[in-house]
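Please look over the model below before reading on.

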Amino acid sequence: WIQPVMLAVGSGSGRVALLDPSSGEVRVETAGHLGPTLCVALSPDGGMVASAADDMTVCLWDAASGHAVRRLRRHDGRDGCKCERKRNRSCKAVGHSDVVTSVAFARDGRLATASLDASCLVWNASTGEVVGVVKHKDMRAVWSVAWASDGATLACGEEAGVWLFSPSGILRRRMRSAPPFPRVTFLA
């Protein structure tokens, strides 16, 4: 167990705070979501915080200053994105089309997000580009996402069970829900 030096907390007001766990003192507080913050995650090095809300966005924050680094949201090239334009192609719609329910950092800094749109996305947190789309025709609204400790497997939890994928979206295994876990809402 490594003693944490900060704790990230999300609120129903759309705010995110970083707390000193020993004193409870608020070190940094941010505002960036238009709806309630549903989940938060600290990057492995503690330098970045990811938060997601029911406004269909993920915000990446500098943990030391609280300044927004980037906002990850659905876009189609008309809003000034540069994800495909730099390659002389028009941008395809990327990002979640519904509420983002979960965020998780891999050890190498990749960020996974889950959504009620029945998908999980893998993002390069440094550039904001989607580097993996995890989706299956039978997958329903995804409530939680987690990385295996080696970063080679992404778990997506939904009402019917847990789906295990490679970060590039190749299905490895599906585990259906059954008592005592009739619905998967959180993974770690």
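Which side chain is joined to that of Thr-113 by a polar contact of 2.7 Å? The partner is His-96, where a polar contact is a pair of N or O atoms within 3.5 Å, one able to donate a hydrogen and the other to accept it, and residues adjacent in sequence count only if both atoms are side-chain atoms. This is a predicted model, in which local features need pLDDT of at least 70 and side-chain atom pairs count only at pLDDT 80 or more, while totals for chains, interfaces and linings use all residues. Residues are numbered from 1 along each chain as its sequence is written, and side-chain values use heavy atoms, with hydrogens and water left out.

**Confidence**
- The chain averages a pLDDT (the predictor's confidence in each residue, from 0 to 100) of 83, and 84% of the residues score at least 70.
- Residues 84–90 have pLDDT below 50, and this stretch has eight contacts (heavy atoms within 4.5 Å) beyond near neighbours in sequence.
- Where pLDDT is low, the predicted coordinates should not be read in detail.

**Thr-113**
- Thr-113 lies in strand 9, residues 111–115, strands being DSSP runs (E, at least two residues) numbered from the N terminus.
- Thr-113 counts as buried because its relative accessibility is 0%, the cut-off being under 20% relative accessible area with a 1.4 Å probe and protein chains only.
- A polar contact of 2.9 Å also joins the side chains of Thr-113 and Trp-123.

**Lining residues**
- Residues lining the largest cavity include Val-16, Glu-29 and Trp-61, a cavity being a set of points on a 1 Å grid over the protein atoms alone where a 1.4 Å probe fits but cannot get out, and lining residues having an atom within 4 Å of a point.
- Strand 2 (15–19) and strand 3 (26–31) each supply at least two residues of this lining.

How values were computed:
1 Å grid on protein atoms, 1.4 Å probe; cavity = no way out; pocket = protein on both sides within 12 Å on 5 of 7 lines; lining within 4 Å. Helix = DSSP H or I, 4+ residues; strand = E, 2+ residues; numbered from the N terminus. Buried < 20%, exposed > 50% of the residue type's maximum accessible area, 1.4 Å probe, protein only.
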